[in-house]
Structure formats: structure tokens, C-alpha cells
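Subject: Structure handover

Hello,

Here is the structure I promised to pass on. Please open it next to this email, and then read through the notes below.

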Amino acid sequence: MNDVVSGVVDRRAVMRARYAVAAVFAVHGAVTGSFATRVPWVQDHASVSPGQLGLALAFPALGASLAMPLAGRIIHRFGARTALRGLLALWTLALVLPSQAPNLATLCLALFVFGAAAGMSDVAMNAQGVEVENRLNRSIMSGLHGMWSAGALLGSAGGTLAAHLDVDARLHHAAAAGVLTVVGFAACAWVLDLQPTEDEEPPPRFALPPRSALLIGAVGFCAMFAEGACLDWSAVYLEDRLEASAGLAAACTTGFTLTMALARFAGDKVIDRFGAVRTVRAGGFVAGFGGLLIVLAGHPAVAITGFALMGLGIAVVVPLCFAAAGRSGPNPSQAIAGVATITYTSGLVAPGATGGLAQATSLTVSFALVTVLAGALAALAGVLRAGDRNRPKVSRPAEAVRDMRP
């Protein structure tokens, strides 16, 4: 009887942790959305040119890529709950930094810190999500990343309203940072309090991605490259190549984002039914077909359909890469940090590489490359088989959590 009660209590704790982690993902996304909508204000306040702004906006990805390998050490040192609480608070409070920058140098420094905080908290929350997913014995990572998208949309809505009302971004970001810090701090009270075992070696302070993460990271690289290229260049593609109106071009980008968010919310059921490998393989075919429509499009409607299919095909790939990394070796946090570093690097490279290739050839050639990378997901999907294989298999959920001790 005590075992049964213990199993029920443990399951309740894991379910609370699931909702708490979902809230953490939403808070993380809301910071991104809050910042993105006020970039024009930040540019004016810092008195930087478009070219200088482009340089400054590379610093968040640079800071994230350099700081993420440190996250595993922090989690090991302080425990999963405390580390997540501290790193998430660092991220939400870092929102105030960019709007304070008076010039290019301080803006670059602020965005470097901003990105470092984003990357480390990203690793901590994905590690927590993978652990909850393992204990529930069903996919939740796609839905968690859907919550990030929902948070980003919510933050963007607040930023749009603030910009419409001509609210000083310093005031807007200070208020948003305060609210999001409180919400994040409260949500972290319910996440799993995971502690390292006595014989567990601490990860190095800084390390290159482990070998187990490299191939998984390659899958994430392809998906993130396609996502970054579509987000930054889909509207330009419709305007320049297909002579679409500015409104229709903007609607295409919005539709791509919305398709990805909806696919992520629906993705967990598909993943549980078909597994990670078949889901990513099918997604690669869908994304590749969407890419072909984009490249061959002679009418905006065809290209918009192609971008929607691209978003549908790649939506769940990055969440599945994080999940597979968390089950790929003895140190989940380090593996997740490695995959995150590779995917963030892809996000940094994609817009510039797409634009550079377009300058040298054409946007059609650029999206032909994107199509090849998206289609490569079908061939690389087998890399995620280890994550499927290492997922715990049990017949009753209560038994799955009974022996899992934080």
C-alpha cells in the first residue's frame, strides 16, 4: 500500500514539474519576444546604423555559444532546481541591459551578456524537460518548445502594445523583467530537485561537445539553418522574386511561425505514436517538398504553401534533438549543451550565409541550399534512434516514476 501511495505522490510531483517546466519555457520565450519588438527603439537609442545593428545582433548568439558549455558545471554544482532558478532569473533580468546601451560598444557587450544568459538557461530548462519526459515515459519536448513559441508571441504582443503607446523601452523592459522574474521564480519551485550522485564526476568547466552530441547536433543544425533562413528571408523572397506586396510577404513569415508553433503543440502525440526517427524522417520529406515548392514557385501562393510545409516539417526536430541528447550518454546536461551550441551556431550562420549566397548568385539558389539541408533530415533521422532506444519502457506510468528519485 505504501508503494502505491508513494507512486501516486511521485507521479503528482512529476506532473507538477511538467507544468512548471512548461511555464519556464513560456517565460524564456516571452523575454525573446519582449526584446525583439523593441529593437528599433534600441537602435535609435544607441545611435547605430543598420550595419552596426547587424553586427551587434550577432553577439547574443556568440555569447550563448560560448556560455552554454558552462551550464552543465553549474547544474552539477548547485543542483537542477537551484541552477534553473538562478539562470532563468539571470536571463529575465538581462532583458533590461540592451535598452540601456548608449552606443555600439556597450550594446555589443549588453547583447553578449544577454545571449550568454539565454543560452545557459536554455540548457538548464531543456535538461529539466528531458528528465520530466523520461519519468512520464511519453514525449513532451515538442509541446514545451511550443510553449516557448507561445511565450514569444505573448512577449511580442506586449512589446507591440508598448511600442504603439510610445512607451520608453527602458521602462517597458524593466517592468517586463520584473514580472517575468517573479513568474519564473515561482514556477521553478515545482521543478524536479535533481542532485548529482556522490560518485558522479563533475563535468569540465568548459568542454567541446561530446562525440555523442555531434551527430545529433548535425540534425539540429540542418533544421535550425532552415528555420533561420525562412524566418529572415521568406518575406524578402516573396517581395523580390515573386513581386508580392509587403503585407502578403509579412503574412508569409507570420504563417511560417504559426505553422511551427501549432506543429510543436501537436507533435508529442505524433512522436509517441511513430517514434522520433520516423517523425523526423517524414518531416524531412515534407520540408524538402516544401523547399521544392519555394524554389520552383511562379506565384506567391505556391511559395507561401512551401514555407508552411517547411515549417511543418522542421518544427519538432530541434526538440527531438534535445531529447535524444539527454538520453545519449552519462552526462545529459553536457550533451544537451553540446547540441544547443551547434544549433545556436547554425542560427547565427543561417541568415548571413543565405544573404551572402544570394548576393553571389540569387535567393533561389540560397533556398535550393535550404531545401537540400531540410531534405537531409530524412537521411540523418536514424541518428536519433539512440534516444528512442534509451527511452524507458514500462507498462504503467506510476511504476515509471516510483523508482525515480530526485
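What share of the contacts in the protein with a separation of 6 or more comes from residues 24 or more positions apart? The figure is 85%. Please keep in mind that this is a predicted model.

**Overall make-up**

The protein has 406 residues, and 50% of them count as buried. Its secondary structure comes to 16 helices and zero strands.

**A helix pair: α6 and α13**

Two packed helices are described by the angle between their axes and the distance between the axes. Helix α6 covers residues 104-136, and helix α13 covers residues 332-360. They pack at an angle of about 130°. Their axes are 9 Å apart. α6 and α13 are therefore oblique to each other. Their crossing is right-handed.

Which residues meet there? From α6 come Ala118, Gly119, Asp122, Val123, Asn126, Ala127 and Val130. From α13 come Ser333, Ile336, Ala337, Ala340 and Tyr344. Sorted by class, this contact of α6 with α13 has eight nonpolar residues, three polar and one charged.

**Aromatic rings**

How many aromatic pairs does the structure hold? There are six. One to look at is Trp91 with Phe114. Their ring centres are 4.6 Å apart. Their planes are at 45°, so the pair is tilted. This pair links distant parts of the chain. Trp91 is in helix α5 (residues 80-93), while Phe114 is in helix α6, 23 residues apart. Trp91 and Phe114 are both buried. Together with Phe35, they form one aromatic cluster.

Start with Ala61. Ala61 sits in helix α4 (residues 59-78). Is Ala61 buried or exposed? Its relative accessible area is 15%, so Ala61 is buried. Leaving aside neighbours within four places in sequence, Ala61 is in contact with Tyr344 and Leu348. Tyr344 is also one of the α13 residues that meet α6. Now look at Ser346. Ala61 and Ser346 are 285 residues apart in sequence. In space they are 9.4 Å apart, C-alpha to C-alpha.

Met15 is next. Met15 belongs to helix α1 (residues 2-36). Its relative accessibility is 17%, so Met15 counts as buried. With neighbours within four places in sequence left aside, Met15 is in contact with Leu136 and Arg138. Val191 is 176 residues from Met15 along the chain. The C-alpha atoms of Met15 and Val191 are separated by 9.5 Å.

Most residues other than glycine have a negative phi, and most peptide bonds are trans. Two residues are worth a look on this point.

Phi of Ser47 is near 55°, a positive value in a residue other than glycine. Where does Ser47 lie? Ser47 is in the loop between α2 (39-46) and α3 (50-56). Ser47 has a relative accessible area of 61%, so Ser47 is exposed.

Asn137 also has a positive phi, near 60°, and is a residue other than glycine. Asn137 is placed in the loop between α6 and α7 (141-164).

That is the tour. Over to you.

Best wishes

Methods: Residues numbered from 1 in each chain as written. Predicted model: local features only at pLDDT ≥ 70, side-chain atom pairs only at ≥ 80, totals over all residues. Heavy atoms only, no water. Axes fitted to C-alpha atoms, helices over the stretch in contact; angles between N-to-C directions. Helix = DSSP H or I, 4+ residues; strand = E, 2+ residues; numbered from the N terminus. Parallel < 35°, antiparallel > 145°, perpendicular 65-115°, else oblique. Left-handed = near helix turned anticlockwise from the far one by under 90°. Contact = heavy atoms within 4.5 Å. Nonpolar A, V, L, I, M, F, W, Y, C, P; charged D, E, K, R; others polar. Phe/Tyr/Trp six-rings, centres within 6.5 Å; stacked < 30°, edge-to-face > 60°. Buried < 20%, exposed > 50% of the residue type's maximum accessible area, 1.4 Å probe, protein only.
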